[in-house]
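Subject: Structure for you to look at

Hello,

Here is the structure I said I would pass on. My notes on it follow below.

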Amino acid sequence: LTLENKSNPRTWTQGPCQLVRLLDDKGRKVIDPLRTPEALRQHVTATTRWRRYKKVKGEETVEPCDLPLDVCRNVLASPKKIGALRRVSRTPGFDPSGRLWSSSGYCEELETWFDLDHLTLGRFDDVQESLDYLLREVLVDFPFADEASRVHALALLLLPMVRGMIQGPTPLHLVTAPLPRTGKTKLVNVCSLGTTGGPAELCPPTRDNEEWRKQITATLRGAPTMALIDNLEPGRNTDSANLAALLTSTQWTARELGTVRNVSVPNDTIWTATGNNPGLSRELADRALWIHLDPAHHDPSSRTNFQIPYIEDYARDHQGAICGAIARLVLHWLDQRGQWSGTLGGFERWSEVVGGILTSAGLSADLLGNRKKMRSKISPGQGEWEAFVLAWHLTSPVVALTSSELWNLAEAEDLLDSI
């Protein structure tokens with residue numbers, strides 16, 4: 001199997017010890033576990049002939065035979081020398097070396113089979129043409145509240161194709177609006193459909209930290225490219241130590257549901273969330289990229305002046321064009337190697353890749369441009385604490401203050417009103 005994989009990869013391991021193969025399912029490649037010795041024998045003998053040597057009256061003879069089931073059992077028990085396969089991707093993508101995978105094949109570095117026979121990348125002559133298509137056509141109907149939100153949406157749209165180049169975590173892409181039916185979930189799904197061909201994997205929000213662990217583990221077991229935490233509660237401060245840990249981790253370890261065993265899975269999923277006027281804890285706000293939509297209308301659902309009325313269908317049907325435009329931006333960055341002057345703490349590799357692509361495209365000035373506003377709106381307590389500590393330092397930079405003196409300072413400066 002190992003030798004065959006070098007010329008014709010078709011058998012891999014998934015997780016620590018599960019042998020898998022690829023099957024065609026209505027034109028798509030799907031991962032199929034080889035759970036029994038009989039299944040493995042059928043899989044191997046489909047491309048390999050087996051012979052048995054035996055002596056008959058002192059003479060060696062060769063005759064056809066089936067692969068012994070004992071051999072299959074041994075292989076299933078210890079398949080560690082065979083290459084790993086985490087997912088089948090219908091998204092063209094760049095690997096860590098900067099190679100663009102635009103046709104079907106197995107990428108060992110990403111442990112991914114690229115299933116791209118259905119796709120032809122669109123051709124774009126220059127960066128400006130690519131930007132015009134992505135911003136003025138694909139994303140044009142979304143009512144972004146500011147230019148930073150528009151740039152952050154573009155960052156989300158290109159992320160599935162460059163995720164393999166980012167050897168580290170990526171921030172939570174938080175899409176908010178003041179009213180329902182503004183297009184938050186639709187925006188996330190357009191970014192997913194336009195690059196992966198399918199919608200983002202849903203991960204329902206919860207109030208319980210332990211339930212967050214279960215939801216996260218179940219989602220990551222499926223290795224989705226993009227996951228969506230849809231409809232955070234309005235007016236409620238979402239706070240979860242598990243969710244905060246997830247966003248800065250590249251490997252997720254948790255107890256498997258219904259067992260005492262721990263399961264460890266890579267976390268290279270792109271995490272998004274939506275909500276109407278949600279709140280985030282300081283830890284989560286520090287790990288988020290804010291995309292705010294404002295329809296400037298009392299009833300967003302009544303809007304009719306769309307340039308592309310069925311944008312989700314459009315994104316799915318024009319995946320090749322969207323991915324071609326993104327590829328042009330990335331290849332331009334790889335040629336220019338533009339460097340973003342800023343950074344998002346804890347997401348340095350994301351800052352290097354995504355920030356570099358946007359810098360080369362002339363859009364980096366608005367990256368993180370709404371961060372201060374997000375902290376005051378989404379996590380208001382954080383801004384108040386910063387102002388309070390600054391007032392404390394200015395009042396008494398050396399001498400310690402008692403709790404009552406600090407209370408009087410907060411009242412005098414009108415600080416911590418929401419705490």
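A term for the notes first: a residue is called buried under 20% relative accessible area, exposed over 50%, and partly exposed in between, with a 1.4 Å probe and protein chains only. By that scale, Arg 375 is partly exposed, at 26%.

This is a predicted model, in which local features need pLDDT of at least 70 and side-chain atom pairs count only at pLDDT 80 or more, while totals for chains, interfaces and linings use all residues. Residues are numbered from 1 along each chain as its sequence is written, and side-chain values use heavy atoms, with hydrogens and water left out.

Salt bridges

The whole structure holds 16 salt bridges, each being a side-chain nitrogen of Lys or Arg within 4 Å of a carboxyl oxygen of Asp or Glu. Arg 375 is in one of them, with Asp 286, and the closest N and O atoms are 3.7 Å apart. Arg 375 belongs to helix 13 (residues 371–377) and Asp 286 to the loop between helix 9 (282–285) and strand 19 (288–292), so this pair ties together parts 89 residues apart in sequence. Helices (H or I, at least four residues) and strands (E, at least two) are DSSP runs, numbered from the N terminus. Asp 286 is partly exposed, at 25% relative accessibility.

Two other pairs each sit within a helix. In helix 7 (residues 209–221), Glu 211 and Lys 214 are three residues apart, about one helical turn, and their closest N and O atoms are 3.4 Å apart. Glu 211 is partly exposed at 32%, and Lys 214 is partly exposed at 30%. In helix 5, Arg 150 and Glu 147 are also three residues apart, about one turn of the helix, and form a salt bridge with the closest N and O atoms 3.3 Å apart. Arg 150 has 24% relative accessibility and counts as partly exposed; Glu 147 does too, at 35%.

There is also a network of salt bridges that links Arg 52, Lys 54 and Glu 63.

Helix packing

Helix 4 (residues 127–138) packs against helix 5 (residues 147–162) at an angle of about 110°, with the axes 11 Å apart. Axes are lines fitted to C-alpha atoms, for helices over the stretch in contact, and angles run from 0 to 180 degrees between N-to-C directions. Helix 4 is therefore roughly perpendicular to helix 5, a label for angles of 65 to 115 degrees. Leu 131, Leu 134 and Leu 135 of helix 4 meet Arg 150, Leu 154 and Leu 157 of helix 5, contact meaning heavy atoms within 4.5 Å.

Cysteines

How many disulfides does a search of the whole structure find? It finds zero, a disulfide being a pair of cysteine sulfur atoms within 2.5 Å. For Cys 65, the nearest cysteine sulfur is that of Cys 72, 11 Å away. Cys 323 has its closest cysteine sulfur in Cys 191, at 12 Å, which is too far for a bond. Cys 323 is buried, at 0% relative accessibility.

Positive phi

Lys 26 is not a glycine, yet has a positive phi of about 55°. Lys 26 is in the loop between strand 2 (18–25) and strand 3 (28–33) and is exposed, at 84% relative accessibility. Ala 296 has a positive phi near 50°. Ala 296 lies in the loop between strand 19 and helix 10 (311–317) and, at 71% relative accessibility, is exposed.

Regards

Notes:
Angles under 35 degrees count as roughly parallel, over 145 as roughly antiparallel, 65 to 115 as roughly perpendicular and the rest as oblique.
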